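Trainee: I am new to this structure. Could you show it to me and let me ask how the terms apply?

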Amino acid sequence: MFITFEGPEGSGKSSQIALLADWLRPMKQDVLLTREPGGTAIGDRVRAILLDPACTEMEDAAEVLLYSAARAQHVGQVIRPHLARGGVVLCDRYADSTLAYQGYGRGLDLATLAVITAFATGGLRPDLVVFLDIDVAAGLRRKQLHADEDASQWNRFERETLAYHQRVRAGYLQMAAAEPGRWLLVDAAQSVEKVQAAVRQRVGAALGLSSPVGRDE
Ligand code: TYD
């Protein structure tokens, strides 16, 4: 099973994905926790270019192709082999981030992005997309709090305008509405525990796990 986590900045994806992995692992699920851009040595080098605040002159097309290059490496080297072994892959961002940020956010043609993405991934799509939805201003405030402690958290994207991030969020909501069977929409303004309970319920059901939701909370 291939599960991706998506959301605007500051939606709490990384904490939620880690909590989900903690819950799944004792149940003998072969869980791989990974992220984009990155997840491989080559992908991490591409990530450094993509997130460097000094790379302001990057062309939109170059941005898309760099994300896609990192993704192609990630899918071929890490994700597909793990799925082939029967494992569960939890991925922090994937192709829907390209549609949201480069498509809805930057205004690039969605059909073109879909073709590039299909080429990069060989057509691999997630079984479930967990979308952690949060008001854009609230999410950026959350992220700013962390950035004050760790400057590396503040990347090229968080410098974009509020309007850009609002387009990204609206894009996500549109994609979620178009495929409700594949997307789980969770209100990320709720407590960490409530968000995690909603995620565990859906993932547990999809994996056929009998454990009650949030049993260790
Ligand atoms: P990261 O520091 O991982 O942020 P987050 O914690 O929000 O996931 O940086 C990833 C950034 O890259 C994030 O701002 C979203 C952006 N992004 C795209 O624009 N397109 C993509 O295809 C992906 C995977 C990420």
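Trainee: What classes of residue make up the lining of the second largest pocket?

Mentor: The lining has 9 nonpolar, 3 polar and 4 charged residues. Ala, Val, Leu, Ile, Met, Phe, Trp, Tyr, Cys and Pro count as nonpolar, Asp, Glu, Lys and Arg as charged, and the others, Gly among them, as polar. A caution on the source: this is a predicted model, where local features need pLDDT of at least 70, side-chain atom pairs count only at pLDDT 80 or more, and totals for chains, interfaces and linings use all residues. Residues are numbered from 1 along each chain as its sequence is written, and side-chain values use heavy atoms, with hydrogens and water left out.

Trainee: What makes a space a pocket?

Mentor: On a 1 Å grid over the protein atoms alone, a pocket is an open set of points with protein on both sides within 12 Å along at least five of seven lines. Lining residues have an atom within 4 Å of a point. The second largest pocket has 16 of them. Ala95, Asp96, Leu99, Thr117 and Arg125 lie nearest its centre.

Trainee: Which helix gives the most to that lining?

Mentor: H5 does, with 4 residues. H4 and H5 each supply at least two. Helices here are DSSP runs (H or I, at least four residues), numbered from the N terminus.

Trainee: Why is Gln16 called buried?

Mentor: Buried means under 20% relative accessible area, with a 1.4 Å probe and protein chains only. Gln16 has 4%, so the residue is buried. Gln16 sits in helix H1 (residues 13–24). Among the residues that Gln16 touches are Phe5, Leu132 and Val192. Contact means heavy atoms within 4.5 Å.

Trainee: Why is Gln166 called partly exposed?

Mentor: Exposed means over 50%, and partly exposed lies between that and the buried limit. Gln166 is at 42%, so Gln166 counts as partly exposed. This residue belongs to helix H7 (residues 162–178).

Trainee: How close does H3 come to its expected span?

Mentor: The expected span is 1.5 Å times one less than the number of residues. H3 (residues 60–84) has 25 residues, and 36 Å is expected. H3 reaches 34 Å from its first C-alpha to its last, which is close.

Trainee: Where does H3 bend?

Mentor: At Val75, by about 45°. That is the angle between axes fitted to the seven residues ending there and the seven starting there. Val75 is also one of the buried residues of H3. What covers those buried residues includes helix H2 (41–51) and helix H4 (95–105).

Technical notes:
On a 1 Å grid over the protein atoms alone, a cavity is a set of points where a 1.4 Å probe fits but cannot get out, and a pocket is an open set with protein on both sides within 12 Å along at least five of seven lines; lining residues have an atom within 4 Å of a point. Lists of a residue's contacts leave out its neighbours within four places in sequence.
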